[in-house]
Amino acid sequence: MENQSRGQWGSTFGFLMAAVGSAVGLGNIWGFPYKMGSNGGFAFLLVYIIMVIFVGIIVMLGELALGRKTGRGAVGAYVALSKKYKWVGMMGVASGFLILSFYSVLGGMVLRYAVGYLVSMFGADGFAGAGTGFFGFLLYDYKGMLLCYVIFMLINIVIVMGGIKGGIEKFSSIAMPALFFMLLAVIIYVACQPGAGEGYAFMFKPDFTALKEDFLGVVRTAAGQMFFSLSLGMGCMITYGSYLAKNENLQRNAVIIPVADSIIAILAGCAVMPACAAFGVDFGAGPGLLFASMQTVFSNMGGFAGNLMGFLFYFLVLLAAITSSISLLEVCTTYAIDKRIDAGKDPARKKITVIYAAIIFVVGLPVALDALGSGGAAIPAPYELLGLSGDAIKGWNDCWLDVYDLISEGILMPLGALVMSLIIGWKLSPTRKHRDRENLIVLECQEGGHTFKAYKFFDICFKYIVPFGMLIVLYGQIVSFFG
Ligand code: PHE
């Protein structure tokens, strides 16, 4: 009966689309290509894949199993293990709040670009006369920023109000295949342009000097990217796992999601990098890539084709962003629903979704109004508040987005995954002292008659490799923000 009031995924395909949808987001299309390009290309990819195998898949399985075992979201799952672990779940919900607030501002901006190209396809000027300088224009167009932010949040509210099966699964089952085919269309179009080859070379040319010169730098960039990209460490996959049926094969799903996510990340790179190369845009441009650089690409493409490709590209990024942001909102919504169910109340999903989204919206306002720290905006950036200038402006204080990002992605998420793997590896599994303790994850994976042959590998990873990997991420994040 309990599952009826919480809801459940309708099919394996639907669950996978939702989970892959959560994983595939701005991190794949925006972060991955430029990080790969500026960290040794193929060498980076190699490190990334090793990280996925030894850390990503392991944490993914741990989260899915924890969620399904307890039938509870981020906080409820830890409380079900022991009241003293509640804070680990709370860190996850806090991360959900912070990430969703800045993610929705970015999502709103992507929406604005998609609409801009759509309008331009029909002959109007979709970019308010600002042309390729639109990025700078939009940041100070507060009304425009707020409107896009509101619309993006409303889309999230409508989907999450629809519930697990009727909202999130339904949307993801259409959006993810659509995203995939649009991405293929862009890749093929770009591949036919003269000069595209240089972009592939930039991505795939094995350049091991990057590894030799700054091994730790490459490792921490790859680890951090993998982590955020797979939506791990903040209870998102615990939440999605809690809605899984007992006969689902967890170990198989825990492999499919990271593999699909990595493939889409590489494909995204195969669209973005060659496009920059073919249309004379610097692909080492870093974070500006998604907005400023790509707009220049489509403008240089010119004519109807440029507008059409621009629309396809930003629309697919929009779908990727929505399927991620609804998973973030669901972490918060499930937290409140679980509390209500445990108190014997009706879940009231719709009401809760609206309340939480409204709070998150307010939290995100500084991100929407500080012009990403360009200075002199409606709301001062953190460094302006603190009266800092010159070298004192660092990654953690240059804009509100980066402050939120530091707290969530930088600290809370790796810490969450670190503690989770320690709990699974040392508290819930057999150890030298407790030889006959039953391994909770193994038992959960065997539900429904599935065998779990690789459990020894998983056990070693939970005990040693994941904690070590997470410490590197934590160290790396702190260095990159404060360095
Ligand atoms: N994985 C998403 C991306 O790559 C971001 C995300 C992080 C979503 C954490 C949910 C939870 O953009």
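This is a predicted model: local features need pLDDT of at least 70, side-chain atom pairs count only at pLDDT 80 or more; totals for chains, interfaces and linings use all residues.
**View 1. Residues around the ligand.**
The ligand has 14 residues around it, and those that come nearest are Ala23, Gly27, Tyr103, Phe228 and Ser229. By class, the shell around the ligand holds six nonpolar and eight polar residues, and no charged ones.

**View 2. The largest cavity, which is the space taken by the ligand.**
Three cavities of 30 Å³ or more are counted in the model. The largest cavity contains about 130 Å³ of space. Its lining is made up of 17 residues, of which Ser22, Tyr103, Phe228, Ser231 and Ser324 are the closest to the centre of the cavity. Helix 2, helix 3, helix 6 (86-121), helix 12 and helix 16 are the elements that give two or more residues to the lining. The lining of the largest cavity divides into nine nonpolar and eight polar residues, with no charged residue. Tyr103 and Phe228 are listed both among the residues that come nearest to the ligand and among those closest to the centre of the largest cavity.

**View 3. The second largest cavity.**
About 60 Å³ of space lies in this cavity. The lining residues are Glu63, Tyr78, Val88, Gly89, Gly92, Gly233, Met234, Gly235, Ile238, Gly416, Ala417 and Met420. Helix 6 and helix 19 (400-427) are the elements that give two or more residues to this lining. Six of the lining residues are nonpolar, five are polar and one is charged. Helix 6 also gives two or more residues to the lining of the largest cavity.

**View 4. The second largest pocket.**
This pocket has a volume of about 260 Å³. Trp426, Pro430, Thr431, Arg432, Asn439, Tyr455, Lys456, Asp459, Ile460, Lys463 and Tyr464 form the lining. Helix 21 (residues 455-482) supplies six of these residues, the largest share of the lining. By class, the lining of the second largest pocket has five nonpolar, two polar and four charged residues. Among the residues in this lining are Arg432, Lys456, Asp459 and Lys463.

How values were computed
Residues are numbered from 1 along each chain as its sequence is written. Side-chain values use heavy atoms; hydrogens and water are left out. A residue is near a molecule or strand if one of its heavy atoms lies within 4 Å of it. On a 1 Å grid over the protein atoms alone, a cavity is a set of points where a 1.4 Å probe fits but cannot get out, and a pocket is an open set with protein on both sides within 12 Å along at least five of seven lines; lining residues have an atom within 4 Å of a point. A molecule sits in a cavity or pocket if more than half of its atoms lie within 2 Å of its grid points. Ala, Val, Leu, Ile, Met, Phe, Trp, Tyr, Cys and Pro count as nonpolar, Asp, Glu, Lys and Arg as charged, and the others, Gly among them, as polar. Grid points are joined across faces, edges and corners, and a volume is the space filled by probe spheres set on the points. Helices (H or I, at least four residues) and strands (E, at least two) are DSSP runs, numbered from the N terminus.
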